[in-house]
Amino acid sequence: MILHGNITASVLGMHPTDLFALGVVELHGPLGAGELSERTGLSTGATTRLIDRLQRAGQLRRVPDPADRRRVIVEKVRGHELDEALNAAFEPIERGMEEVLSRFPAERLADVMDFLEQTTSAIQSATGSVQKIAKTRRSTLDASGP
């Protein structure tokens with residue numbers, strides 16, 4: 001999946017991180033910059049630059065949060081010229097996955113989904129642990145000075 005994303009981004013003239021971030025917004029819906037930062041693992045500064053790039057490219061837009069007018073969220077722009085190319089790039093994966101899934105009875109798929117949910121949770125937990133270690137190391141380095 002990483003290789004496919006990198007190649008797709010390259011073919012579309014995008015950075016893989018930008019493509020990944022678009023996918024995060026597509027999957028989770030409109031997000032605040034902080035939420036996007038957390039979901040991508042980027043710093044808040046890098047996330048702001050990413051949002052700026054994708055907004056200039058017309059792929060994301062900043063809009064007021066309907067629940068809190070002081071807050072801004074980012075959402076994917078629908079009907080962007082790259083949507084068709086993105087759909088074409090990911091359609092073979094979707095078709096291939098549908099073919100694979102069609103070979104399994106529903107009860108086995110339930111076990112597979114349970115496995116995927118549990119492994120996803122375990123990976124997210126491990127990622128959170130590594131992020132805490134990274135923050136501690138950065139804080140220690142910042143405190144020690146140059």
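Begin by selecting Asp 83 and displaying its surroundings in this predicted model: leaving aside residues up to four places away in sequence, Asp 83 touches Lys 76, Val 77 and Arg 78. Asp 83 itself belongs to helix α5, which covers residues 81-101. Is Asp 83 buried or exposed? Its relative accessible area is 15%, and because the cut-off for a buried residue is under 20%, Asp 83 counts as buried.

The side chains of Asp 83 and Lys 76 are joined by a polar contact of 2.6 Å, while the backbone nitrogen of Gly 79 is reached by the Asp 83 side chain at 3.0 Å.

Next, move to the nonpolar core and select Met 14, Leu 36, Leu 50 and Leu 54, which are the residues with the most contacts inside the largest nonpolar core, a set of 17 residues. Two or more residues of this core are given by each of α2 (16-28), α4 and α5, and the largest share, five residues, comes from α2.

Stay with Leu 54 for a moment and colour its partners. Not counting residues up to four places away in sequence, Leu 54 touches Met 14, Asp 18, Ala 21, Leu 22, Gln 59 and Leu 60.

Then display α2 and α4 as a pair. Their axes lie 11 Å apart and the helices pack at an angle of about 85 degrees, which means that α2 is roughly perpendicular to α4. To see where they meet, select Thr 17, Asp 18, Ala 21 and Leu 22 on the α2 side, and Leu 50, Arg 53 and Leu 54 on the α4 side. By class, this contact of α2 with α4 consists of four nonpolar residues, one polar residue and two charged residues.

Coloured by class, the contact of α3 with α4 shows four nonpolar and four polar residues, with no charged residues.

Technical notes: Residues numbered from 1 in each chain as written. Predicted model: local features only at pLDDT ≥ 70, side-chain atom pairs only at ≥ 80, totals over all residues. Heavy atoms only, no water. Helix = DSSP H or I, 4+ residues; strand = E, 2+ residues; numbered from the N terminus. Buried < 20%, exposed > 50% of the residue type's maximum accessible area, 1.4 Å probe, protein only. Polar contact = N/O pair within 3.5 Å; in protein donor to acceptor, adjacent residues only side chain to side chain. Contact = heavy atoms within 4.5 Å. Nonpolar A, V, L, I, M, F, W, Y, C, P; charged D, E, K, R; others polar. Core = buried A, V, L, I, M, F, W, Y, C linked by side-chain atoms within 4.5 Å. Axes fitted to C-alpha atoms, helices over the stretch in contact; angles between N-to-C directions. Parallel < 35°, antiparallel > 145°, perpendicular 65-115°, else oblique.
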